[in-house]
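These are my notebook entries on one protein chain. I record what I looked up, together with the cut-offs behind each term.

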Amino acid sequence: MAGSAHGHTPAAWTGVIISFIGFCIAGVFMVAANVPGFWAGIGVTLLGGVVGGAMKIAGLGMPKESAAVAAAREAATSRALEKARA
């Protein structure tokens, strides 16, 4: 996954950070036995997913790979494998 830069975008980072903060809020209020605070934390966690998705739609996520790029990568991989076999 490291070679594909999976998730290294502003949309992914923002969504994960907001969700992590919500998870921490929910955890603190769960230990404190505060039900409304717990559900508020769960709401913040879900908000992180919504914000990350909205940022991706706004163009701050990873772009979709075109068919031409996929075909070029597959051809290059095939050539490299053939070269390695020879």
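Entry 1, surface. I looked up the accessible surface of the protein chain in this predicted model, and it comes to about 6,500 Å². Carbon and sulfur atoms hold 74% of that surface. Accessible areas come from the Shrake-Rupley method with a 1.4 Å probe, and for residues only the protein chains shown count as cover. I then looked up burial and found that buried residues make up 14% of the 86 residues. Buried means under 20% relative accessible area, exposed means over 50%, and partly exposed lies in between (1.4 Å probe, protein chains only).

Residues are numbered from 1 along each chain as its sequence is written, and side-chain values use heavy atoms, with hydrogens and water left out. As the model is predicted, local features need pLDDT of at least 70 and side-chain atom pairs count only at pLDDT 80 or more, while totals for chains, interfaces and linings use all residues.

Entry 3, overall form. I noted 3 helices and 0 strands in the protein chain, and the elements run α-α-α from the N terminus on. Helices (H or I, at least four residues) and strands (E, at least two) are DSSP runs, numbered from the N terminus. Along its principal axes the C-alpha trace spans about 65 × 30 × 15 Å. The radius of gyration is 20 Å, whereas a compact globule of 86 residues would have one near 12 Å. This radius is taken over C-alpha atoms, and the globule rule is 2.2 Å times the number of residues to the power 0.38.

I looked up contacts, meaning heavy atoms within 4.5 Å. Of the contacts with a separation of 6 or more, 58% join residues 24 or more positions apart.

I located Ser19 in helix α1, residues 10-31. Beyond its neighbours within four places in sequence, Ser19 is in contact with Thr45, Gly48 and Gly49. The side chain of Ser19 reaches the backbone oxygen of Thr45 at 3.1 Å.

I found Ala33 in the loop between α1 and α2 (35-60). Ala33 has a positive phi of about 55°, although it is not a glycine. Is Ala33 buried or exposed? Ala33 is exposed, with a relative accessible area of 67%. Ser66 lies in the loop between α2 and α3 (67-85) and counts as partly exposed at 37% relative accessibility. I also compared Ser66 with Phe20: they are 46 residues apart in sequence and 32 Å apart in space, C-alpha to C-alpha.

Key: A polar contact is a pair of N or O atoms within 3.5 Å; within protein, one must be able to donate a hydrogen and the other to accept it, and residues adjacent in sequence count only if both atoms are side-chain atoms.
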